[in-house]
Amino acid sequence: MECYISGMTDTQNNEMAARDLAEFRLMRGEAVPDRERAGALAGRAAERVLAEAAPVRDAIRLLCEMSADEDEEIARMGGRALFGGLIERLNDSFEPAACGIYDRLFAQVIDFYRRRPGAEPLDEALRGFGLATEADLSARKSRLRDAPTFSRQGGSIKRVLLPSRVTIGADVALTSVIIAKLREALPNAEFVFLGSPKLRELYGGDARIRVRPLGYERSGRVQSRLASWLDVLAAVREERRDLGPEELLIIDPDSRLTQLGLLPLIEGDVGYHFFESRAYRHPEAARIGELASRWLAERFGLPEMAFPFLALPPAHADFGRRLGESLRRGGARHLTTISFGVGGNEEKRISAAFERALIEERLAASSTLVLDKGASPDERRQIDEILEGVRAQGRTVVEVAPESAAVWMGRDVIHADVLTWDGGIGEFAGLIAAADRYIGYDSAGQHLAAALRVPTLTLFVNANSATFAERWRPFGPGPISVAGFRPDNLPVSPREIGEL
């Protein structure tokens with residue numbers, strides 16, 4: 001973990017954290033708080049925690065008080081520093097020691113928020129599990145690491161609950177591996193995703209997989225993120241109502257819904273198994289899905305390797321197949337699906353100039369492109385600018401959206417140099433499945449392509465640790481290439497990453 005507080009003893013660091021906390025509390029009493037100064041205090045608090053082997057309590061308290069502040073801008077600063085500046089950096093390091101730091105600091109965060117006005121349901125639910133203090137939360141989490149291996153007969157399990165990793169790409173890369181690994185060992189089990197309804201677009205084609213929609217505000221206030229656990233808890237209790245203890249499994253893939261295992265889902269953790277993806281190591285595995293498969297082998301005695309997979313609903317698979325066939329009848333010799341989506345994280349992008357050059361290079365190589373228009377207004381504007389250049393060269397662009405999809409599916413022949421899709425992820429997965437190749441940044445698309453066994457090229461701008469890049473490299477049985485770059489050494493043109 002890289003950190004910028006240096007040259008201080010532990011005592012000095014703690015003393016300075018206490019002074020910063022006192023300064024922030026004085027600032028809150030001002031008629032017009034100094035937001036710039038508050039932002040500086042928040043950033044420094046995050047650095048102080050990263051600088052110590054044990055979390056600096058006053059620094060964490062400062063981030064808690066800031067993120068709970070009535071001033072919306074100060075609260076956003078505190079939340080960004082807490083999650084983006086601290087928690088994500090800890091977790092993205094994939095260092096086992098960082099897991100212990102996270103557990104201690106976030107146990108303090110939970111303890112702070114459970115005592116705030118309006119958080120009575122959260123506090124009551126935690127007490128119902130016998131978790132009355134911060135120490136109770138930490139002690140329970142420690143016990144999970146010593147949980148026994150699975151010893152029941154697989155035929156008795158009727159339902160497996162899987163709290164979502166929250167992001168679609170992570171659920172494909174990791175959570176789907178758990179299902180793939182267990183489905184033969186548990187022949188009578190139904191697998192239930194607790195997560196985004198978008199998962200239905202990717203797994204609705206399998207009768208043994210059900211999606212129970214649950215939300216999580218990744219950019220919301222801390223109190224709302226914690227409150228989402230109550231919804232998960234209610235869902236788990238309803239799902240187990242018709243089952244005996246020996247008929248239910250809960251596999252937690254390091255889910256943000258449980259705050260990475262700190263919040264329980266069942267009394268006594270009976271039938272609950274926690275995969276601590278940030279700490280688990282295996283000498284023969286590096287990618288996160290591969291590690292999950294190895295962990296399952298140890299915990300459940302299942303030696304075969306499992307890969308990520310999709311189970312597209314027939315309508316989505318048919319959508320991609322029919323458009324792909326129509327493009328080929330229109331003269332397309334090679335279909336390349338491309339996504340420049342980065343999930344809102346601009347640090348994953350190379351540049352707009354590089355993206356335009358990549359499109360031009362692929363078209364010059366006589367490839368017909370299927371281009372995702374993105375999930376945000378900014379990403380759509382970015383693609384529209386690229387398309388202006390494509391049209392200016394006299395090339396044909398066909399734009400398909402949900403309202404026009406039926407019309408284009410009815411075309412026997414489609415003549416196009418570029419076909420764009422501006423719609424759901426399920427149809428886009430169908431288009432990937434119909435293509436000869438996929439190219440994109442480190443985002444959900446790379447994991448969809450790998451799960452579909454489509455040859456994949458990922459453009460990976462590694463703004464985190466080297467281990468982070470290894471963990472999130474696409475995993476699957478098909479051909480996979482990764483072109484990795486440092487943020488300070490990005491390519492200018494596609495030629496710099498070799499033969500595409």
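These legends describe close-up views of a predicted model.

**View 1. Strand S10 and its cover.** Strand S10 spans residues 437-441. It is mostly covered, with 5 of its 5 residues buried.

**View 2. Strand S10 paired with S6.** Strand S6 covers residues 335-339 and runs parallel to S10. The two are joined by 4 bridges.

**View 3. Strand S10 paired with S11.** S11, residues 456-461, is also a strand parallel to S10. Here too, 4 bridges make the link. Tyrosine 438 stands opposite threonine 456 of S11.

**View 4. The crossover from S10 to S11.** Helix H17 takes up residues 444-451. Together, S10, H17 and S11 form a β-α-β unit. Its hand is right-handed.

**View 5. The largest nonpolar core.** This core holds 70 residues. Val160, Leu182, Leu202, Tyr203, Phe300 and Leu310 touch the most other members. Helix H8, residues 168-182, gives the most to this core: 9 residues. A separate, second core has 68 residues, among them Ile101, Leu214, Val222 and Ile266. In soluble globular proteins, nonpolar side chains tend to be buried together.

**View 6. Surroundings of leucine 202.** Neighbours within four places in sequence are left aside here.

Conventions:
Residues are numbered from 1 along each chain as its sequence is written. This is a predicted model: local features need pLDDT of at least 70, side-chain atom pairs count only at pLDDT 80 or more; totals for chains, interfaces and linings use all residues. Side-chain values use heavy atoms; hydrogens and water are left out. Buried means under 20% relative accessible area, exposed over 50%, partly exposed in between (1.4 Å probe, protein chains only). Two strands pair if DSSP finds at least two bridges between them. A crossover is right-handed if, with the strands pointing away from the viewer, the path from the first strand over the helix to the second runs clockwise. A nonpolar core is a set of buried Ala, Val, Leu, Ile, Met, Phe, Trp, Tyr and Cys residues joined through side-chain atoms within 4.5 Å. Contact means heavy atoms within 4.5 Å.
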